[in-house]
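I opened my notebook to look up which parts of this model touch each other. Here is what I wrote down as I went.

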Amino acid sequence: MLITCPYCGPRDLAEFSYQGDANRPRPDQHDTDQARWNAYVYDRSNPAGPHREYWQHAGGCRKHLLIVRSTLTHAIESVAFAGAQGATPQAPRRAAKGRTKTGPAKGKKP
Amino acid sequence: MVEPVSPLGAAWKPGAYPNTAGESGLVLSETRPGSIVQAAAWRGREKALIAAITSLTGLALADGAGAGRVDGTKAAFGFAPGKFLLVDQKEGLAAVLGAAVGVETGTVTDLSHGRTALRLAGPKAEWVLAKFFALDFSQTAFPLGVGRATSHHDIFAQIQRSGAEQFDLYVFRSFARALWTALCHASKETGYRVE
Amino acid sequence: MSPRRSTEGGRIDRGRTIRFSFDGKTYQGHPGDTLASALMANGVRLFGRSFKYHRPRGLLAAGVDEPNALVTVLKGTVREPNIAATQIEIYEGLTVESQNRFPSLDVDAGAVNQLAGGLLSAGFYYKTFMGPVIGPLRGTRFWMACEHFIRRAAGLGRAGRDADPDRYERMNAFCDVLVVGAGPAGLMAAKAAAEAGKRVILADLDPVPGGSANWSGETIDGLPAAAWAQGTIEALGAMDTVRLLPRTTVWGYYDGNTLAALERVADHKPAPDRGEPRHRHWTIRAGAVVLATGAFERPLVFPGNDRPGVMLADAAVRLLREYGVVAGSRLALFANNDDAYRAAAALAEAGATIAAIVDMRDTVSPAARALAERAGAELLAGHAVTGTKGRKAIREITVQRLREGEITGQPRRIAVDCLLMSGGWSPAIHLASQAGTAPRWDEALQAFLPPKPTQNWVGAGAFAGRFATAAALADGLAAGAKVAGGKPPRKSAQPRVETLELDIAPAPVFEIRPPGKAGKAFVDFQHDVTAEDVRQAHREGFVSVEHLKRYTTLGMATDQGKTSNVPGLAIMAEARGITVPEVGTTRFRPPFTPVSLGALAAERYGELRPDRLTPMHDWHVENGATMYAAGLWYRPMIYGGRGETVEQAYVREAAATRAGVGIVDVSTLGKIMVQGPDAADFLDRVYTNTFSTLPVMKARYGLMLREDGLAYDDGTTWRLSQTDFLMTTTTANAGKVMQQLEYYLDIVWPDLKVTLTSVSDQWAGAAIAGPRSRDVLAACVAGTAVDNDTLPFMGIVRGEIDGVPVMICRLSFSGERAYEVYCGAGHGLHVWEALMEAGKPFAIVPYGLEALGTLRIEKGHVTGAEIDGRTTARDLYLDWMLSKKKPFAGSMMMDREGLCDDDRIRLVGIVALDDRPLGGGAHIVEHNDPAEIRDSIGHVTAGCYSPALGKYIALALVKGGKTRHGARAFVSDPLRKRFGPVEIVSHHFYDPEGSRMHG
C-alpha cells in the first residue's frame with residue numbers, strides 16, 4: 001500500500017504510523033467537562049467505508065497527515081497535512097449507503 | 001580540538017572487495033563532516049530561513065519539497081516542510097547559523113555528533129541503496145542535490161544525491177555501524193571498495 | 001518403450017553434459033535441461049509417490065503447474081523439499097531425492113494405503129479423529145496416538161534441521177510499466193511501452209523468456225517463433241529503460257499497484273557467486289501493469305488418469321520442442337478440443353507412433369482431422385478413455401464409445417507407453433484475481449476469464465482468453481500502447497504469424513464415468529482428491545465452493561489447484577445440477593507459487609537486525625562487560641570476567657559506588673530538543689509539573705501522563721536557554737514520547753512555535769555517582785567549578801574535560817551525590833576515558849544495568865517496571881508532581897473514580913524475611929500456604945540483593961500501598977517455586993531524607 005505524503009510524495013506504508021481516529025476533537029486544555037474528555041479518549045466510530053484518520057509519516061518528514069481511507073477497500077480518498085485542518089477535526093462523514101456504524105454518542109454521554 | 005571518534009569502529013576496513021567477476025561497482029566511505037545542522041522555520045517564515053541559509057553558506061536553495069544544493073564542501077536540502085539539513089566539512093556551522101537565525105524565524109539544532117554521514121559512489125550505488133530503501137533512486141526521480149527522508153525498518157535516513165552516481169546518507173549515529181555493515185554485505189554482489 | 005532424447009531440437013546444448021543425481025543414482029543431462037526433462041531423457045518416468053495413497057506418479061505438466069513430480073533438493077546439509085522437477089534447472093553436482101516413499105521410490109511400503117482407499121476418502125480425518133471418544137478407534141485421543149504415523153505416511157517432503165546458510169535479499173523497484181510474462185503478448189507489450197519511452201520491467205518465471213514462442217513451432221516475422229522471441233528480448237535488453245527479470249515469479253498483487261516477485265538468482269548454479277543472494281524478493285511499484293501470464297492446460301478426469309505416462313498434451317510438446325525429449329514411442333491423445341491435435345502432429349513428426357486420437361466430441365473440424373491424418377493416428381471421435389493399465393507406468397488404455405454423455409459399447413484396449421490429455425485451457429488469472437472483482441465464466445472456452453480490474457492493469461494474450469498467437473501479439477501491442485498512454489498501434493507494427501488456425505474451445509465435459517466399479521479418477525493430483533471425493537462432499541452437504549475446498553482439500557496443495565480448479569468445480573456443478581459459475585470460484589490468494597521464507601525475512605534475519613551502539617560500546621566490550629539487549633540498544637549488564645556470578649558482580653559494583661564512586665553509560669536515554677518561543681508553554685501542557693518557572697541552566701524531574709490519566713513516562717528536562725530545553729525520556733519510551741509530542745504539535749496545538757528534534761544520538765552521557773563523584777569531576781573538569789554552590793542539586797554547568805566541551809547536570813538516580821556528564825557523541829569515548837583516569841585515585845568502578853537497577857530499587861525510584869501503563873501518579877506516590885495550578889495532558893482524566901480507589905495497588909518496598917531473592921512478577925499474598933495460588937494482593941515489579949541493606953529487597957505494587965507498611969505477607973511465585981515470608985515497608989529503603997544526594 002502506498003500513501004502519498006503531501007511533502008514526500010508516494011511512499012510505502014512501512015514508513016507510516018497509524019495515529020488514531022481523526023473524528024474526535026480534543027477538548028480545549030482548560031475544558032473541565034468530564035464527558036467531553038471521556039468521549040475524546042474512548043469513543044470511536046467504526047464505519048464500514050470512508051474513515052478519517054491520522055497517520056504520521058514517521059519514517060519520512062514526520063508530519064502528521066489527515067487521511068480519508070475506506071475501511072472496506074483500503075482506497076485512500078485524500079491526504080493532507082493534519083495541522084492545515086486546524087486544531088479541531090470535523091465531525092465524521094457519513095459513509096455511503098448508511099453503512100456507518102456509529103459508536104456511543106460523541107461527547108454527550110454523562 | 002579533539003578529533004571525534006567514528007561510530008564505525010572496526011567495521012570500517014579500508015580496501016578493495018571485488019565480486020566474483022573481479023569488479024567493484026561502488027565505493028563506500030564515511031565523509032565525516034565537521035557540521036551537520038538542522039534548521040527549521042516557523043510556518044510563513046520559510047523564505048527568511050532560506051535567505052539566511054543562502055547568505056551564510058552560498059547554497060542557493062529552492063523552495064520546494066526536498067530541494068537541495070551541493071558544492072565541494074557544503075550541502076543543504078529540505079527534508080520536511082520548513083526543515084532543512086545543512087552540512088559543512090568545517091566545524092562550527094551550528095553556532096554561526098544559530099546566531100543568524102532569530103527566534104522569530106525558527107530554530108537551529110546541532111546534530112554534528114548525532115548523525116553519521118555515509119557515502120555510496122559508483123555505478124552500483126542506486127542498486128545497493130534500492131536493497132534498503134523503498135525510494136526511486138533514478139536520476140529523473142531523484143536528481144542532483146535533492147534530499148529525501150526515509151527509513152529502512154528502524155533506521156531513519158536522510159539521503160541526498162550529491163553526484164551523478166553518488167549519494168550521501170545521514171543516519172543516527174547509534175545505527176551507523178549496523179547500517180554500514182549491512183551496506184558492505186549488500187555491496188559484495190557488485191564488488192566494492194571502502195575508503 | 002520409454003521416453004527418449006531426440007537427436008535434434010530444443011534449447012539444450014547437446015555438446016556438453018552435466019552430471020546430477022536422483023535418489024542416489026547418477027544421470028547425465030545437458031545445459032538447458034530441467035530436472036524433469038533430463039530424467040525423462042534418461043527414461044525415468046516414476047518421479048514420486050502421491051500424497052495420501054502413495055500411488056506412483058510421473059510428470060503431468062511441464063511448468064509451475066506440475067502437481068506430481070515434487071522432489072527435495074539437497075545442498076550440503078540443507079534440504080529444500082517440494083520443488084517441482086519442472087522448475088529445477090540442472091547443474092553439475094545437483095543432488096535430488098524423491099519424496100513420500102519408504103524405503104524407496106520403487107518399492108514403497110505406504111502403497112498399501114491404496115488398498116484402504118475407501119477409508120481415506122474425503123472427510124476421513126474429521127470423521128475419525130475429531131469429537132468425543134466413541135469406541136477405541138475414534139476421537140481426538142485416537143488422533144494423538146496415530147498422529148506420528150500418519151504424518152510420516154501422508155504428506156510431502158521433509159525439511160532439514162540445519163540453518164540455511166544462504167543469503168536472501170529484498171529489492172525495491174519502480175517502473176512505469178511492469179509486464180508479467182514474457183510470452184508473445186508480454187514481449188509485444190514491453191516493446192510497445194519501452195518504445196514509447198516508458199521505464200519497463202519485464203518479469204518471467206522461466207530461465208529463458210519467450211513463453212509459448214519457445215515451443216509453439218510457429219513462425220513469426222519469418223523466423224522460428226523461439227528465435228523471434230530471443231531477438232525481441234535482446235533488443236529490449238539493450239534499452240536502458242528496460243529491466244529484464246528472468247527466473248522471476250510475480251506472486252502477489254497488492255494495494256497501490258505494488259507487486260511482489262521472487263527472483264531465483266542462484267538456484268540454477270552449484271553455489272551463489274560472492275555476495276549473491278540465493279533468492280531476491282522484489283517489491284515493484286508500477287505505474288501500470290500488463291498481465292500476460294498465459295494459461296494452464298487442464299487434465300481430464302477419468303479412471304487411472306494419474307498413471308505415470310499420462311500427461312498434458314502441451315507438456316509433451318514443451319518437452320519435445322524445448323528440451324528435445326520425446327515423451328513416448330507409442331502414444332495416444334485424449335482430448336475434448338481441436339487445439340490438442342497439434343501435440344499429436346508434433347510428436348509424430350519427432351518419430352513417435354500415434355496409436356489413436358480419442359476425442360469425446362462426435363464432430364471434429366476438418367483442420368483437426370487433417371492433423372490427425374498427418375500424425376498417422378486412428379481418430380476415434382465420440383469416444384473416451386475409460387481406464388489405464390500398467391504397474392509403474394502406463395502400458396495400455398481402454399477406450400469406449402461415448403454417446404450423449406453415456407459410456408456404451410465394448411471396451412477396446414490399445415497398447416501405449418504415453419497418453420496425452422487435454423481438457424482445454426484455464427487462463428492464469430491469479431494476479432488479476434488479487435486486483436480485481438470476481439472472475440467471469442466464459443461458456444465457449446469453459447474457463448474463468450480475468451475479472452474487471454480494481455487496480456491499474458491491462459490483460460493480454462492467453463491470460464485474457466485470446467489464445468491464438470496472432471491475437472496475443474496484437475493484444476500485447478495494444479496493451480503496451482494503452483498503458484504507455486500512446487496512440488493505438490498501427491497494424492503494420494504487428495508481427496506476421498504463420499500457423500495453422502485451430503479452434504481452442506473445448507467440449508463442456510471434464511469427467512468420464514464408466515458404469516460399474518472403475519478405478520480412481522483424480523481431480524487434484526497433488527492432494528489425491530478424486531471425482532468421487534467431490535461427489536461425497538456434495539452428498540454430505542459440503543456444496544459451497546468454500547466448503548468443498550476445505551472438506552476435500554481440493555486446490556489446497558502447494559500448486560494451489562492450478563490444474564484442478566475448474567474440473568473440480570465442474571464435477572460439483574454436475575452433482576448439484578447447476579452451472580459452473582453458479583457454483584462459483586474461490587479467489588486466488590497470494591502467493592502464486594511457493595515463496596521461500598528466507599526471501600520474505602531477508603534482511604530482518606540474523607546479523608542484519610540493526611544494533612544500536614553507544615559511543616562507549618567498544619570500551620565496555622573490551623573491559624569485560626556482558627552486554628544486554630535493551631530493545632535495539634546494547635548496554636552493559638555487568639562488568640564481570642573475574643569468575644563472578646551476575647549477583648556478585650552487581651553487588652560489588654553497587655557497593656563500590658555507594659562507598660566511593662561509580663560510572664555508568666547513560667547515552668541510551670531518549671533526548672529531545674524542545675526549542676522555540678513557546679517551548680516552556682508546551683512543556684507545561686505535556687508535563688504534570690511546571691517548566692516555565694525553571695531557571696536557565698537548571699534541570700527538573702518531569703512526569704507525563706497519557707491522555708487517559710495514567711502515568712506515561714518520566715525524565716529530567718534541562719533548560720539550556722530561555723527557548724531551548726533538552727528533554728530526557730526513558731530509553732524504552734524515547735520513540736513513543738517523541739511521536740506523542742509531535743502529535744500534540746501537529747494536531748492539537750499547531751499554533752505553538754516549537755521545534756522537536758531527536759538528539760538521543762547527539763550526546764554521549766556518563767553518570768558518575770557516589771560520595772567521591774565530585775572529587776572526580778574536580779580533578780578533570782576545566783572552565784568551571786563543581787562545588788556545591790556552583791553546581792547544586794539540579795544545577796547545570798558547562799566546562800571542558802580534556803579539551804572536550806561538556807555539559808554537567810547534577811542529578812541522581814542512585815540516591816548518591818551524582819552528575820550526568822554530557823558531551824558530543826564523537827567525544828564520548830574520550831571523555832569516558834578521561835573520567836576513568838581522573839577516577840583512578842578514588843577507585844572508580846564502571847557499573848552496568850544490574851547495579852543501576854539495584855541502586856534505584858534501594859532508593860525507591862520508579863522506572864518502566866512500575867510505570868507499566870496500569871499505574872497512576874498517585875499509585876506511585878508521585879502526586880506531589882501533579883500541578884494544581886494548570887491543566888496538563890491527562891489532568892482531566894486522572895481523577896476518575898476508579899483511578900482514585902483506595903484499594904488500588906500502590907508502590908511499596910518488600911524485604912525478604914527468609915534471605916532469598918524476590919523475582920519480578922511474583923505475587924504477594926496474605927495466606928501462608930504455598931499450595932494455594934490465589935488471593936494476590938499485588939506483585940513484585942523488580943527485586944535485587946541490596947548491598948546497602950544486606951538483604952534481598954524489591955519494589956512491589958500492593959493493594960493499599962502505604963497503609964500496609966510494617967505488615968507481614970508472603971511472596972508466592974509458583975513458576976519459580978518460591979514461597980516465603982516478606983515484610984512490606986516504605987519504598988524509600990535507603991537514605992529517605994536524601995541527605996547523600998543533596999550534600
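**Chains A and B.** I started here and found ten residues of chain A in contact with ten residues of chain B; two residues are in contact if their C-beta atoms, placed from the backbone, lie within 7 Å. I sorted the chain A side by class and got three nonpolar, two polar and five charged residues. (Ala, Val, Leu, Ile, Met, Phe, Trp, Tyr, Cys and Pro count as nonpolar, Asp, Glu, Lys and Arg as charged, and the others, Gly among them, as polar.)

**A note on the model.** I kept in mind that this is a predicted model, where local features need pLDDT of at least 70, side-chain atom pairs count only at pLDDT 80 or more, and totals for chains, interfaces and linings use all residues. Residues are numbered from 1 along each chain as its sequence is written, while chains are lettered from A and ligands numbered from 1 in the order in which they are written.

**Chains C and B.** How many residues does each chain bring to this contact? I noted 41 from chain C and 37 from chain B. Which element of chain C gives the most to the side touching chain B? It is strand 9, with six residues. (Strands are DSSP runs of E, at least two residues, and helices are runs of H or I, at least four, numbered from the N terminus.) By class, I listed 14 nonpolar, 15 polar and twelve charged residues on that chain C side.
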